[in-house]
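Have the structure open and follow along.

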Amino acid sequence: MSSEHGRRDPGRERAEARRRGRLTREQRIEQRDVQRLGRRGAAAVGPVWARPEPGARRASLTRDEIARAALAIADAETLEALSMRRVASELGVGTMTLYYYVRNKEELLDLMHDEIMGEVLVPADELPADWRGALTAIAHRTRVTMLRHPWVLGAPPAASGPNGMRHFEQSLAAVASLALDLDHRFDIICAVDDYTFGYLLREVEQEREDASPYGTEEWLEAITAYFDAQWSSGEFPHVRRLIEGSTARAVIDRLNAMSHDPARFDRGLDWLLDGVQRSLMPGSRPD
């Protein structure tokens, strides 16, 4: 070993020790397990679905069972509570057994994400034949599913699996009847997805705000007094015009009611699809 590689770096060692100290006990156990497996997780290349599940001699679980157990933990306790060891415990197997099915936590998240995408699929007999109805049904199904698993909106990226491919196939089938090229059909699908997920992010944030101190009556009274002072300063003429003949509290209550209006999602989606129809289908009028 050269003197350069053999030289100790006390500062670096201290930093590394602090980093190790910040790891939770569960994380340290998982690191140890991966090391005992010869760092199989670090060597994993390609999606988990490209590998066959363990053979009958070793199989005591299925990937679907693992995904459902992991989803139950994340839904009940958020993604922070999820670990390979915790999932193995819920399934009644050893942590090392779980590594025969998924090489690391990233692959576990891939399975969970694909399980969710299975929930997004609209049953074939419930999918409308017309493109607007089909895209609306898919958007509704996506919204309802993601609200069951709101943590997924902030989860790390996941590999697309079999159910993700089925969802994409269903989305393409929804617009297959349109006399448009593939680029435009893909743009329409993406526009609906962008609207749906943007709305979901706002909706989940609103639910968190409602459950926070910012949703209490005490806070509303305090913020109303602050807004009254600001809006009377003359710096916000458009806002001031909004509350003419009313009070700041009445306006806040009205805007709050509008943000919670359950029909708002459908109105926005209709406006989006109306624009698509007018722009890309000359002579066609939205219903």
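**The chain overall**

Keep in mind that this is a predicted model. Of its 287 residues, 34% count as buried. If you take the contacts with a separation of 6 or more, 71% of them join residues 24 or more positions apart.

**Two packed pairs**

Two packed helices are described by the angle between their axes and the distance between the axes. Here's how that works out for the two pairs:

| Pair | Angle between axes | Distance between axes |
|---|---|---|
| H5 (residues 63-77) and H6 (residues 84-91) | about 110° | 9 Å |
| H8 (residues 105-120) and H10 (residues 162-174) | about 30° | 7 Å |

Take H5 and H6 to begin with. Their axes pack at about 110°, and since angles of 65 to 115 degrees count as roughly perpendicular, that is what H5 is to H6. The crossing of H5 and H6 is right-handed. On the H5 side, the contact uses Glu65, Ile66, Ala69, Ala70, Ile73 and Glu77, while H6 brings Arg86, Val87, Glu90 and Leu91. Sort the residues of this H5 and H6 contact by class and you get 6 nonpolar, 4 charged and no polar ones.

Now for H8 and H10. The angle there is about 30°, and because anything under 35 degrees counts as roughly parallel, H8 runs roughly parallel to H10. The H8 and H10 crossing is left-handed. Asp114, Glu115, Met117, Gly118 and Val120 of H8 touch Pro162, Asn163, Gly164 and His167 of H10. By class, the contact of H8 with H10 splits into 3 nonpolar, 4 polar and 2 charged residues.

**Helix H15**

Which residues of H15 are buried? They are Phe265, Gly268, Leu269, Leu273, Asp274, Val276 and Gln277. When you look at that list, remember that an α-helix has 3.6 residues a turn, so residues three or four places apart point the same way. Among the elements covering the buried residues of H15 are helix H9 (131-148) and helix H11 (182-210).

Definitions and conventions: Residues numbered from 1 in each chain as written. Predicted model: local features only at pLDDT ≥ 70, side-chain atom pairs only at ≥ 80, totals over all residues. Heavy atoms only, no water. Axes fitted to C-alpha atoms, helices over the stretch in contact; angles between N-to-C directions. Helix = DSSP H or I, 4+ residues; strand = E, 2+ residues; numbered from the N terminus. Parallel < 35°, antiparallel > 145°, perpendicular 65-115°, else oblique. Left-handed = near helix turned anticlockwise from the far one by under 90°. Contact = heavy atoms within 4.5 Å. Nonpolar A, V, L, I, M, F, W, Y, C, P; charged D, E, K, R; others polar. Buried < 20%, exposed > 50% of the residue type's maximum accessible area, 1.4 Å probe, protein only.
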